[in-house]
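This briefing covers one chain, taken topic by topic. Please have the sequence and the model at hand.

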Amino acid sequence: MPVVIDSDCINCDMCVPECPNEAIVMGSAHYVVDADKCTECEGYYDEPACIPVCPVDCMTLVTDVSN
């Protein structure tokens with residue numbers, strides 16, 4: 001499941017260089033994650049590298065998209 005960035009994003013750019021798949025791009029108001037590119041850093045790291053560097057905790061890992 002992809003990482004999601006909510007509207008609390010302050011566009012600080014901390015997450016962008018952490019993404020090995022270049023899945024984090026600027027949206028209309030704040031950064032967004034391209035779900036087709038996000039692999040949760042599988043094959044690179046043990047967990048998504050972008051989440052721990054976010055200074056405002058606006059990134060979450062979506063674990064259930066069925067609802």
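The lining of the second largest cavity divides by class into 11 nonpolar, 1 polar and 1 charged residues. That cavity holds about 60 Å³ of space, and among its 13 lining residues the closest to the centre are Cys-9, Cys-12, Cys-15, Cys-54 and Cys-58. The model is a predicted one.

**Cavities**

- The structure contains 2 cavities of 30 Å³ or more.
- Sorted by class, the lining of the largest cavity comprises 10 nonpolar, 2 polar and 1 charged residues.
- In the second largest cavity, the residues closest to the centre include Cys-9 and Cys-58.

**Secondary structure and fold**

- The chain has 0 helices and 4 strands, and the order of its elements from the N terminus is β-β-β-β.
- Strands β1 and β2 cover residues 3–5 and 24–26, with a loop between them that contains Glu-22.
- Strands β3 and β4 cover residues 31–33 and 59–61, and the loop between these two holds Glu-40.
- Of the contacts in the chain with a separation of 6 or more, 57% are made by residues 24 or more positions apart.

- Glu-22 is not a glycine, yet its phi is positive, at about 55°.
- Glu-22 counts as exposed because its relative accessibility is 60%, and exposed means over 50%.
- Glu-40, also not a glycine, has a positive phi of about 60°.
- Glu-40 has a relative accessible area of 24%, so this residue is partly exposed; the partly exposed class lies between the buried limit of under 20% and the exposed limit of over 50%.

**Size and surface**

- For 67 residues, a compact globule would have a radius of gyration near 11 Å; the chain has 11 Å, so the value agrees with that expectation.
- Taken along the principal axes, the C-alpha atoms fill a box of roughly 30 × 25 × 20 Å.
- Buried residues make up 31% of the 67 in the chain.
- The chain exposes about 4400 Å², and carbon and sulfur atoms supply 49% of this area.

Key. Residues are numbered from 1 along each chain as its sequence is written. This is a predicted model: local features need pLDDT of at least 70, side-chain atom pairs count only at pLDDT 80 or more; totals for chains, interfaces and linings use all residues. Side-chain values use heavy atoms; hydrogens and water are left out. Buried means under 20% relative accessible area, exposed over 50%, partly exposed in between (1.4 Å probe, protein chains only). On a 1 Å grid over the protein atoms alone, a cavity is a set of points where a 1.4 Å probe fits but cannot get out, and a pocket is an open set with protein on both sides within 12 Å along at least five of seven lines; lining residues have an atom within 4 Å of a point. Grid points are joined across faces, edges and corners, and a volume is the space filled by probe spheres set on the points. Ala, Val, Leu, Ile, Met, Phe, Trp, Tyr, Cys and Pro count as nonpolar, Asp, Glu, Lys and Arg as charged, and the others, Gly among them, as polar. The radius of gyration is taken over C-alpha atoms; the globule rule is 2.2 Å times the number of residues to the power 0.38. Contact means heavy atoms within 4.5 Å. Accessible areas come from the Shrake-Rupley method with a 1.4 Å probe; for residues, only the protein chains shown count as cover.
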